[in-house]
Amino acid sequence: KQWYQRRVAITAGIESVFVLAMSSNSTYTQSTARFLYVQAKLATCSKDRRYQTFQNLENHLKLSLDGFLALTHARHVGEVFYFLARLYDEFGLRDDRNKCAKKFRNFHQNLTVHDPL
């Protein structure tokens, strides 16, 4: 019961910050907020609802990705592809996982060629 109450409080905090961030006119802020929102929601949902939660939020990841692509933030694009690949793997969606993993690898290779650490 105590964990449930904490989860409710955390979710309420996530929701309020997300709404605030989405009121920004900045594509970067909105894309980052969407990505972090999905990560936080998945981290706080129960394991038996994780796939359903992902399905409900998958569009936020795609919109986040579109925003980062429009801004040409390759590092963030790679992070979203990596996160999606891990989720698709977790849910047994092999074809989607492979597509995202390939895109992540391409972005990562491109990033290290143009922006070495």
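How many helices and how many strands does the chain have? The answer is five helices and zero strands. Keep in mind as you read on that this is a predicted model.

## The overall layout

Let's start with the chain as a whole. Reading from the N terminus on, its elements follow the order α-α-α-α-α. Taken along the principal axes, the C-alpha atoms fill a box of roughly 50 × 35 × 25 Å.

Helix 1 covers residues 2-22, helix 2 covers 27-44 and helix 3 covers 50-70, while helix 4 is made of residues 74-90.

Begin with helix 2 and helix 3. Their axes come within 8 Å and cross at roughly 160°. An angle over 145 degrees counts as roughly antiparallel, so helix 2 is roughly antiparallel to helix 3. The crossing of this pair is left-handed.

Now move on to helix 3 and helix 4. Here the axes come within 10 Å, and the crossing angle is roughly 160°. That makes helix 3 roughly antiparallel to helix 4. Helix 3 and helix 4 also cross in a left-handed way.

What angle do helix 2 and helix 4 make where they pack? The angle is about 25°, and the two axes are 12 Å apart. Angles under 35 degrees count as roughly parallel, and helix 2 and helix 4 are therefore roughly parallel to each other. Helix 2 passes helix 4 in a left-handed crossing.

## The loop between helix 2 and helix 3

Where does S46 lie? You will find S46 in the loop between helix 2 and helix 3. The side chain of S46 makes a polar contact with the side chain of D48, at 2.6 Å.

S46 can also be placed relative to S31. These two residues are 15 apart along the chain, and a distance of 25 Å separates their C-alpha atoms.

## The largest pocket

The largest pocket has a volume of about 250 Å³. Its lining is made up of 12 residues, and those closest to the centre of the pocket are R7, T11, K41, C45 and R49.

Sorted by class, the lining of the largest pocket holds four nonpolar, five polar and three charged residues.

Definitions and conventions: Residues numbered from 1 in each chain as written. Predicted model: local features only at pLDDT ≥ 70, side-chain atom pairs only at ≥ 80, totals over all residues. Heavy atoms only, no water. 1 Å grid on protein atoms, 1.4 Å probe; cavity = no way out; pocket = protein on both sides within 12 Å on 5 of 7 lines; lining within 4 Å. Points joined across faces, edges and corners; volume = space filled by probe spheres on them. Helix = DSSP H or I, 4+ residues; strand = E, 2+ residues; numbered from the N terminus. Nonpolar A, V, L, I, M, F, W, Y, C, P; charged D, E, K, R; others polar. Polar contact = N/O pair within 3.5 Å; in protein donor to acceptor, adjacent residues only side chain to side chain. Axes fitted to C-alpha atoms, helices over the stretch in contact; angles between N-to-C directions. Parallel < 35°, antiparallel > 145°, perpendicular 65-115°, else oblique. Left-handed = near helix turned anticlockwise from the far one by under 90°.
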